Amino acid sequence: MQNFSNKNVLLCVTGGIAAYKSAEIIRLFKKDEADVRVVMTESAKEFITPLTLQAVSGNEIHDSLLDIKAESAMGHIELAKWADLILIAPCTADSMSKIVYGRADDLMGALILASNAEIFIAPAMNMNMWLDKTTQENYKTLLSRGFSFIGPAEGEQACGDVGPGRMVEPIKIIELIKSALNQGPLSGKTITITAGPTREQIDPVRFISNNSSGKMGYAMASAAVEAGAIVNLISGPVTLLADKSVNLYKVNSADEMLEMSIKYMEDADVFIGCAAVSDYKSMDISDIKIKKEAADGLNIHLKKNKDILSTIAAKYPSAYHVGFAAETNNVDFNAKEKLVSKKVDMIISNDVSNTAIGFDVDDNEVNVITNKESIFLKKDKKIRIAREILNIISMKINKK
Ligand code: C5P
């Protein structure tokens with residue numbers, strides 16, 4: 001099951017006795033590699049201190065809409081955009097009604113309106129308050145607007161009543177969110193992705209390579225896991241850590257990458273060639289370190305590497321094939337040409353002459369090109385671009 005690496009989680013804590021459990025929720029999200037920020041309503045602070053949640057989350061608490069200092073650090077709109085998912089836990093009856101009416105008179109209310117993230121609500125209140133007609137109507141309204149509810153659970157309550165209204169236990173909340181996220185558009189699909197550079201040895205200690213960081217390929221792998229896919233990541237030498245749920249296979253040369261790609265395409269539905277494969281390799285790799293004896297230079301004879309992407313496209317024609325094209329000029333023209341020459345379904349093109357995007361940076365800006373259309377994805381973090389690309393791919397293969 002996927003974890004939350006690369007996920008920005010915004011936990012909104014409102015004023016109920018179960019607020020003391022929010023520290024555990026944060027701990028569990030962090031254990032699963034989420035970056036967690038916490039919003040507290042004024043009444044939440046009566047139940048647990050901001051200092052506790054700040055210490056557990058490792059981030060400053062957000063609690064004010066009108067504080068200039070807080071707004072200049074990370075404004076409420078920025079925070080709303082930062083969040084990949086929002087969890088309101090515990091969520092009181094009052095907070096539910098506030099969300100129904102779209103009130104933005106505090107930070108949480110404003111964030112809920114401003115965010116496009118998926119929002120989970122874990123209600124916690126006295127059973128009679130939960131069963132009250134107004135709360136039930138609010139519950140149905142929020143469900144119909146796409147909010148996801150976790151609980152409430154049944155059992156003994158702080159006030160001694162027994163019935164529905166307890167907040168679901170933190171570990172269960174995390175499990176339920178994970179399985180909700182796993183119902184992604186690529187669940188049941190297997191995706192094989194190549195990433196990073198390849199190394200072509202010329203002798204035991206030297207090689208030809210390039211400065212691909214692997215960031216885009218690793219982001220594609222994380223986004224594919226989030227979308228519910230089983231992911232095989234065939235990676236050249238990079239310093240990145242892969243998402244824990246990814247099946248990672250490390251290789252060096254283009255030949256090894258090809259061999260691994262063939263092996264892990266047997267059961268795969270999609271191939272994404274994100275690696276910057278060395279175009280050439282040495283004709284013969286010296287067994288011993290080449291000495292610097294030749295005074296006026298050294299000739300290394302190179303031969304072409306096999307094109308992994310087009311080999312896979314030819315060998316596994318029923319899969320969906322995606323290539324990346326890093327270009328410095330005539331970006332779209334060259335990308336369209338690659339779509340045809342490599343006989344693939346999609347090419348993602350980007351302009352690597354623009355140093356703010358592409359190689360070894362965290363952002364990218366791409367065109368998604370198929371034989372029918374060209375979709376521009378404007379500059380954003382590679383993980384967000386990857387999610388958009390995977391979304392487009394999922395629409396294509398689910399139609400296929
Ligand atoms: O031809 P070019 O290198 O620009 O094509 C880029 C695309 O082809 C990328 O998807 C890359 O991973 C793939 N490729 C490959 N094997 C090669 C060269 C490129 O799979 N030998």
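Predicted model: local features only at pLDDT ≥ 70, side-chain atom pairs only at ≥ 80, totals over all residues.
**Note on salt bridges and the ligand site**

1. Arg384 is partly exposed, with a relative accessibility of 25%.

2. Arg384 pairs with Asp84 in a salt bridge, with 3.6 Å between the closest N and O atoms. Asp84 sits in the loop between helix H4 (76-82) and strand S3 (85-91), and Arg384 in helix H14 (residues 382-399), so the bridge ties together parts 300 residues apart in sequence. Asp84 counts as buried, at 15% relative accessibility.

3. Which residues join Asp84 and Arg384 in one network of salt bridges that share partners? Lys7, Glu226 and Arg387 do. A search of the whole structure gives 22 salt bridges.

4. Glu169 and Lys21 form another of these contacts, with the closest N and O atoms 2.9 Å apart. This pair also links distant parts of the chain, 148 residues apart. Glu169 is in the loop between strand S7 (162-166) and helix H9 (170-181). Lys21 is in the loop between strand S1 (8-13) and helix H1 (22-31).

5. Asp307 and Lys342 meet through their side chains in a salt bridge of 2.5 Å, N to O. The two are 35 residues apart and link distant parts of the chain. Asp307 lies in the loop between strand S15 (302-304) and helix H12 (308-315). Lys342 lies in the loop between helix H13 (331-341) and strand S17 (346-351). Asp307 is partly exposed, at 30% relative accessibility.

6. Asp307 and Lys342 are also among the residues that surround the ligand. Others in that shell include Gly273, Ala275, Val277, Ile308, Leu309 and Gly323. Helix H12 and strand S16 (320-327) each supply at least two residues of the shell. By class, the shell holds five nonpolar, two polar and four charged residues.

7. A polar backbone atom of Phe324 is 2.8 Å from a ligand oxygen. Lys338 uses its side chain: a polar atom there lies 2.5 Å from a ligand oxygen. Taken alone, the ligand exposes 440 Å², and the protein buries 84% of that.

Key:
Residues numbered from 1 in each chain as written. Heavy atoms only, no water. Salt bridge = Lys/Arg side-chain N within 4 Å of Asp/Glu carboxyl O. Helix = DSSP H or I, 4+ residues; strand = E, 2+ residues; numbered from the N terminus. Buried < 20%, exposed > 50% of the residue type's maximum accessible area, 1.4 Å probe, protein only. Near = heavy atom within 4 Å. Polar contact = N/O pair within 3.5 Å; in protein donor to acceptor, adjacent residues only side chain to side chain. Areas by Shrake-Rupley, 256 points an atom, 1.4 Å probe, with all protein chains shown as cover. Nonpolar A, V, L, I, M, F, W, Y, C, P; charged D, E, K, R; others polar.
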